[in-house]
Amino acid sequence: MTATVTPPAPRSHTPLPPTAEAPRGPKRETGRHLMLSGIALLWLVPLLWAVYTSLRPYSDTAKHGYLSWPRGIGLENFADAWSQSGMPRFFWNSVLITIPAVLGTLLFAAAVAFFVSRFDFRWNIALLILFTAGNLIPAQVLITPLYRLYLLVPLPSWMSDSLLVYNSLWGIIFIHIAYQCGFCTFVLSNYMKTIPKEISEAALVDGAPVWRQFFQIVLPLCRPAFAALATLESIWIYNDFFWSLTLIETGDKRPITSALANLEGQYFTNPNLIAAGALLTAIPTLLVYFALQRQFISGLTIGSGKG
């Protein structure tokens, strides 16, 4: 008796659903590039218009209009804006305000961020929220009580001619440090949390005190964060106009952003001259940005990996 062997049934070859994402077509990439180019051009239009206006004499635009083809182009408006507004003196005032304000902001913010991120205590998060919440208050809300406070706080004669915080460069430096410290504390605390605590624990075992851990261990490791924040803070503090306008009475003590007011006459205003002055004012911020472009871009995402 012979046994019959039944052959196995053939397997059905069912095609599996594709898992890989289909490559993007050239039309989609072209549309994206066109959209980004249009947005960039839209942002550049005001700057290009200011450059175009500043190169034309006022007599040309008054006769033919701002939308006409220029009959003459020159740098006379830049020379007049530099001399008539007293920009060298105002540039120096901006330097005296920006550099100490940036250094003071980074130092105080780093100290608070070190305390919040490296030590565990009950009110850790509440203290960080308190510093960060200060940036949520509009400057216009603070100006009235701050103005009255500045009229009451005295300063020695070598710091202020008025013997008060009001109408002094120190008053502007103080408010910039206080107002910008919250943002820098938030960024630096998130960055310091990415530094392993084992480094501080090893230094503590070797007998290093807290101040030595802060200055010789943690701060050198935060150089990328400091570079990015220094770029951002330099641009923000340099471009400030509100605090200097309300807290400084003497025009010679005001920063460069206030120098443009000297180009406006009582009965006549030359828009071409003001456009040239505005471009001269923006040159230092552009130089800072192009010199520290990598740090500026990395500062947009710094500390976002760990909250």
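This is a predicted model: local features need pLDDT of at least 70, side-chain atom pairs count only at pLDDT 80 or more; totals for chains, interfaces and linings use all residues.
Reader: Okay, and which residues have the most contacts inside the largest nonpolar core?
Author: Those are Leu188, Trp243 and Leu247, in a core of 40 residues.

Reader: Which elements give two or more residues to this core?
Author: They're helix 4 (87-118), helix 6 (139-150), helix 7 (169-192), helix 9 (210-221), helix 10 (223-238) and helix 11 (242-247). Helix 7 gives the largest share, with 11 residues.

Reader: What does the second core include?
Author: That separate core has 13 residues, among them Met87, Phe90, Leu273 and Leu279.

Reader: Is Asn167 buried or exposed?
Author: Asn167 is buried, because its relative accessible area is 7%, and the cut-off for buried is under 20%.

Reader: And what about Leu163, where's its place?
Author: Leu163 is in the loop between helix 6 and helix 7. Leu163 has a positive phi too, near 60°, and is not a glycine either. Its relative accessibility is 45%, so Leu163 counts as partly exposed.

Reader: New topic: which residues make the nonpolar surface patch?
Author: Leu41, Leu44, Val45, Leu47, Leu48 and Val51 make a patch of about 500 Å². Val45 is found in helix 1 (residues 26-54), and Val45 counts as partly exposed because its relative accessibility is 44%.

Terms used. Residues are numbered from 1 along each chain as its sequence is written. Side-chain values use heavy atoms; hydrogens and water are left out. Patches are made of residues with over 30% relative accessible area and no salt bridge: like charges are joined within 9 Å, nonpolar side chains (Val, Leu, Ile, Met, Phe, Trp, Tyr) within 5 Å. Accessible areas come from the Shrake-Rupley method with a 1.4 Å probe; for residues, only the protein chains shown count as cover. A salt bridge is a side-chain nitrogen of Lys or Arg within 4 Å of a carboxyl oxygen of Asp or Glu. Helices (H or I, at least four residues) and strands (E, at least two) are DSSP runs, numbered from the N terminus. Buried means under 20% relative accessible area, exposed over 50%, partly exposed in between (1.4 Å probe, protein chains only). A nonpolar core is a set of buried Ala, Val, Leu, Ile, Met, Phe, Trp, Tyr and Cys residues joined through side-chain atoms within 4.5 Å.
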